[in-house]
2 protein chains.
Amino acid sequence: MNMDLFNNAFPFWESLTETQRTEIVNNTTRNLCEKKTRLHFGGGECAGVQIIGSGRARVFITSPGGGDITLFRLLDGDVSILSAACMLNGMDIELDMEMETDCEIYTIPKKVYRKLYDESGVVKDYTMEMISEKFSDIMWLFNQFVFSNVASRIAGALLEHRAIEGGDELKLTHEDIAKDAGTAREVVTRILKQFQADGVVKLTRGKVTLIDAGRLGKI
Amino acid sequence: MNMDLFNNAFPFWESLTETQRTEIVNNTTRNLCEKKTRLHFGGGECAGVQIIGSGRARVFITSPGGGDITLFRLLDGDVSILSAACMLNGMDIELDMEMETDCEIYTIPKKVYRKLYDESGVVKDYTMEMISEKFSDIMWLFNQFVFSNVASRIAGALLEHRAIEGGDELKLTHEDIAKDAGTAREVVTRILKQFQADGVVKLTRGKVTLIDAGRLGKI
DNA sequence: GATTTTTCAGTGACAAAATCACATTTATTA
DNA sequence: TAATAAATGTGATTTTGTCACTGAAAAATC
């Protein structure tokens, strides 16, 4: 097992005892998940803390009707603390995760993490900090949803993907964008057409090319 | 200072040392806030942990345009943990609070609570639990906003007020309901008219009387 | 390599909800 | 009582969501 994984993921790693580190290392499982694999968290079930060894995953909520809305993404080295949050009293949320690429996922079982959490103040602080951060992220998203129009949410989604991909050629379908912006696919089609007419993007099947990211940011 | 206040608000109160309790009691301030008093939290400023001695307050987010959307309410004895959450790394949210009645508010300064938080694992656990609970509440609200229509959100808001008030005569303006349901006042007017036509509510100025709460729940 | 199947995009018609611009009614205050 | 403020009502318009399709491009299969 690669020790760097834990050391990079957890700022508290060095401060753990040898026993604690061994306990984690021995109980962590490694899984290779193909693209499109789905995991569900909530309703009592929760795997534990997950570390993305490599790949990219999308965390979202699902509507009764089947549609879903992206909350955030997890990239290489990210820790999915919410996957273990059901160990906490009071936390009761339903989330889904879907791999956007083939992923290497390390899972620390709920019980193992819980023990560590109870033993170590540093781990408690870290957990609190991560959850607070996610809380802030979700509040920001909430603001976007209730106070922004669809066009600016779509623009935001495109710019976020630019930051992730590190380029202006985004391999995204209208469906993908719709989930990130929390709207319907047809609406994305219409607004992207408008963006194209305005000269800020260029559209081809399964791809959006950003022409004028600056102008996109002002929408 | 009334000790019952702390003992009722904080499950950990009995387990604190005499010194800790004295520190809190001596530093807690009591404020009488008139109805409509507003407090802002976020952007570095945050008063500290607040306990509602008596009265009712509404916590909400504010749009750039000035509109606002209710997140939750605080009632007698409730603790507003988010008012102090800015002491945590990673937590960075903007909230407002408005008194819906004259209120008696006790405030434990941020620094005092932070000290307690650092000293005591029990306080840390309590804080984590309260924040997790709020996180869950907000996620639930998020779901309502993105997956439910306006009619059902308005119905939900009415039923929530029934639970708070403990009766079927709700002293609410359409404006009030609009803030709770996250929509515009005119929309509330129209939908309430529909509810009235359907015989589930009766409308008078500044008041909504529930006729058939059961049917309202099914909307 | 041609054909079937699947995925993705485009579009018109309509419904729901938001926004704008007022008019009207009811309560409060001067 | 008149003046003011607060609450409600309503039409017109725009934006967004939903439904029901069609056609085009890519993938999979024969």
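## The largest pocket

The largest pocket of this predicted model has a volume of about 480 Å³. A pocket is an open set of points on a 1 Å grid over the protein atoms alone, where a 1.4 Å probe fits, with protein on both sides within 12 Å along at least five of seven lines. Grid points are joined across faces, edges and corners, and the volume is the space filled by probe spheres set on them.

## Its lining

The lining of the largest pocket holds 23 residues. Lining residues have an atom within 4 Å of a point. Nearest the centre lie B:Trp140, B:Leu141, B:Gln144, B:Gly156 and B:Glu160. By class, the lining has 12 nonpolar, 5 polar and 6 charged residues. Here Ala, Val, Leu, Ile, Met, Phe, Trp, Tyr, Cys and Pro count as nonpolar, Asp, Glu, Lys and Arg as charged, and the others, Gly among them, as polar.

In chain B, strand S5 (68–74) and helices H4 (121–147), H5 (150–165), H6 (174–181) and H8 (213–217) each supply at least two lining residues. Helices (H or I, at least four residues) and strands (E, at least two) are DSSP runs, numbered from the N terminus.

## Lys36 in both chains

Most residues other than glycine have a negative phi. A:Lys36 has a positive phi near 80 degrees. B:Lys36 has a positive phi of about 80 degrees.

A:Lys36 sits in the loop between strands S1 (29–33) and S2 (38–41) of chain A. B:Lys36 sits in the loop between strands S1 (29–33) and S2 (38–41) of chain B.

## Ground rules

Residues are numbered from 1 along each chain as its sequence is written, and chains are lettered from A in the order in which they are written. Local features need pLDDT of at least 70, while totals for linings use all residues.

How values were computed:
This is a predicted model: local features need pLDDT of at least 70, side-chain atom pairs count only at pLDDT 80 or more; totals for chains, interfaces and linings use all residues. Side-chain values use heavy atoms; hydrogens and water are left out.
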